[in-house]
Structures are given as structure tokens and as C-alpha cells.
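Colleague: I would like to learn how to read strand pairing, core packing and ring pairs. Could you take me through them on an example?

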Amino acid sequence: DKRVVEVLMQQIMVSFVISRRVPGWTPSDARPRIGIYPLANETSEHIDSQLDALLSDVETYLVNSNKFTVVSLERQRQMMNEVAKQHGGGFDPSQIAEVNRQLGTEFYFTGKVFTADERTEDGRRVQYFMFMQLIEVATSATRWQNKSETTKALLD
């Protein structure tokens with residue numbers, strides 16, 4: 001399952017980095033600031049830890065593309081705690097878009113993984129679907145989205 005998810009992510013990241021669909025992103029523009037959010041596991045498979053590890057791969061891919069400024073995933077919670085302290089401890093987690101705005105993040109990158117299972121006489125076939133999207137913090141508008149899919153056969 002780990003390799004399947006990695007292949008899906010690689011396909012999506014290549015598509016994202018070369019995409020011209022996000023308005024205003026040309027080589028002469030300043031690099032957009034992106035935060036990375038957890039990937040939702042909408043499958044019956046136990047791949048949560050693989051999805052969590054994949055976030056570091058996403059972060060690395062975006063940083064190494066040299067097209068984006070990436071808000072550190074590991075430091076994001078610390079930064080949110082600092083914002084909470086500055087506001088007298090009155091931080092409301094449902095106000096994440098406001099926190100991202102305060103941290104200077106313009107977009108956040110997130111996604112989800114689904115499966116479709118099919119039983120056969122001699123095993124099972126699992127089809128994986130990964131959807132990734134870029135959301136604009138200020139408006140919640142989806143600025144980019146892509147889907148990747150693959151099939152894995154499992155013998156019983």
C-alpha cells in the first residue's frame with residue numbers, strides 16, 4: 001500500500017508543479033506561500049501512517065521545485081501556539097484560515113485517498129483514488145485539483 005500511495009503522489013506532484021492553472025503564477029511572480037494539511041484516509045485500508053509520512057515527501061517536493069515558499073509542517077503547530085499566546089490564549093482551532101493568513105500562508109495543499117474494493121474468486125482487487133487540491137486561504141476557492149488512480153490485486 002505504501003508504494004501505491006507513493007506512485008499516486010508522484011503523479012500528482014509532477015502535475016501540480018508544472019500546472020499553469022493557478023492564476024498569476026508565472027516565473028516573474030513572487031513564490032506563493034503554501035501550508036500543507038493532512039491527507040484524509042477515506043479507505044478501509046490502514047494507511048494513515050503512510051499518508052502522514054507522505055506529507056514530508058510533499059513538502060520536500062514543493063521546496064525542491066523552487067517555485068513555492070512552504071510553511072513548515074513541523075513548525076506550524078508551534079506557530080499556531082504562538083499566535084494563541086499573542087491573543088491571550090483565545091485561539092479557536094476552527095479559525096485555521098485566519099491563523100494561516102496571520103502566518104502569511106496564501107494557500108494550503110491537502111487531499112484524500114479513496115478505495116473501491118472488488119472481490120473475485122481468487123482474491124480481491126483494490127482500486128486507489130487520490131485527490132489533491134490547492135485551496136486559497138482568503139476565499140476557500142479551489143485553485144487547483146487533480147486525481148490519480150491505480151489498481152492493486154491481492155490474492156487470498
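Modeller: Strands (E, at least two residues) and helices (H or I, at least four) are DSSP runs numbered from the N terminus. This is a predicted model, where local features need pLDDT of at least 70, side-chain atom pairs count only at pLDDT 80 or more, and totals for chains, interfaces and linings use all residues. Residues are numbered from 1 along each chain as its sequence is written, and side-chain values use heavy atoms, without hydrogens and water.

Colleague: How many bridges do β3 and β4 share, and in which sense do they pair?

Modeller: Two strands pair if DSSP finds at least two bridges between them. β3 and β4 have 14, in the antiparallel sense. A hairpin of 2 residues joins β3 to β4.

Colleague: How do I read a ring pair?

Modeller: Use the distance of the centres and the angle of the planes. Rings of Phe, Tyr and Trp (its six-membered ring) pair with centres within 6.5 Å; under 30 degrees is stacked, over 60 edge-to-face, the rest tilted. The count here is 6 aromatic pairs. F16 and F109 are tilted, at 4.9 Å and 55°. F16 is buried at 2%, and F109 is buried at 1%.

How values were computed
Buried means under 20% relative accessible area, exposed over 50%, partly exposed in between (1.4 Å probe, protein chains only).
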